[in-house]
Amino acid sequence: MMFLEHKYTIDELVKRCKAGERKAQELLYKQFASKMLGVCMRYAVDKMEAEDMLQNGFIRVFQKMNDYRGEGSFEGWVRRIMVHSSIEYYRKHHKMMQVVEIDEAGAEQSVNPLAVANLDAKDLMVLIQKLSPGYKIVFNLYAIEGYSHKEIAAIVGITEGASKSQLSRARSILKEQIVKLEGKKYGYAG
C-alpha cells in the first residue's frame, strides 16, 4: 500500500475524497497528476491542451469517485477516466478526421530490430504525436492502453474494421518514420 505525505494510503484518500474533503482531493491530484499528464499528452496536440484534458479528467474523477468500488487498482481506474475524458475533449475541440475503411495496408516495410531497440522512448512518443488524429487515437488505445478493436470502435464511434485499418496504417507510418530516423542517425539516405 502506497503512503502519501506519510499520512494517508490511497484507500484512505479515496474514502476522504468520497466524503468531499478538499485536502484529500488535492493530495490525490498531486499523487497522480504527472503520470496522468503523460496519458493526456498521448491524445493532445500540445502540452497546454494536455493540461486542459488533465483538469477535465480530474473533475470527472472527483465527480465519479462514488462509482469506484475498490475493485482493481485505483490508478487503473483513474487512467481509464483520463483516456475517455481526453478523447471526449479531443472530439469536442477538434474536427475528427473521417475514417475510411481500407483493406489491409499493402506490404509493410520491415524494420531492423536493432533500429527499434536503439529507439529512445521519447523519440517514439514524438513519432506517435505526429500521427494524424484518427491514427494516433486508435494506436494509443490499442497499442498502449490495451483496448480491443471492438472497444475502440465503441469509444471512438467507428467500425471495428475502421479501427483495424487505422491501426495498420498507423503502424505502417511509424515503421517508415523509424526507418528514416535510423537512416539519419547512421548517415544513410532516407
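Predicted model: local features only at pLDDT ≥ 70, side-chain atom pairs only at ≥ 80, totals over all residues.
**Exercise 1. Work out the surroundings of Q25.**

First, find the element: Q25 belongs to helix α2, residues 22–41. Then take the accessibility, which is 13% for Q25; that is why this residue counts as buried. Now for its partners. The side chain of Q25 makes a polar contact of 3.0 Å with the side chain of R22. Skip the neighbours within four places in sequence, and Q25 is in contact with C17 and F62. One of these, C17, is itself buried, at 5% relative accessibility.

**Exercise 2. Say how many disulfides the structure has.**

Look at a couple of cysteines to begin with. C17 has a relative accessibility of 5%, so it counts as buried. C40 counts as buried too, at 0%. Now search the whole structure for sulfur pairs within the 2.5 Å cut-off: the result is 0 disulfides.

**Exercise 3. Describe the pairing of Y68 and W77, then find the cluster they belong to.**

Begin with the total: there are 6 aromatic pairs in the structure. One of them joins Y68 and W77, with 5.3 Å from centre to centre and 50° between the planes. Stacked needs under 30 degrees and edge-to-face over 60, so this pair is tilted. Check burial next. Y68 is buried at 6% relative accessibility, and W77 is buried with a relative accessible area of 19%.

**Exercise 4. Sort the residues of helix α8 by face.**

List the buried ones first: in α8 (residues 149–156) these are H149, I152, A153, I155 and V156. Look down the helix axis, and those buried residues fall within an arc of 170°, so they line one face of α8. Turn to the face pointing away from that buried side, and you'll find the exposed residues K150 and A154. To finish, step just past the end of α8, where G157 has a positive phi of about 85°.

Technical notes:
Residues numbered from 1 in each chain as written. Heavy atoms only, no water. Buried < 20%, exposed > 50% of the residue type's maximum accessible area, 1.4 Å probe, protein only. Phe/Tyr/Trp six-rings, centres within 6.5 Å; stacked < 30°, edge-to-face > 60°. Helix = DSSP H or I, 4+ residues; strand = E, 2+ residues; numbered from the N terminus. Polar contact = N/O pair within 3.5 Å; in protein donor to acceptor, adjacent residues only side chain to side chain. Contact = heavy atoms within 4.5 Å. Arc of directions from axis to C-beta.
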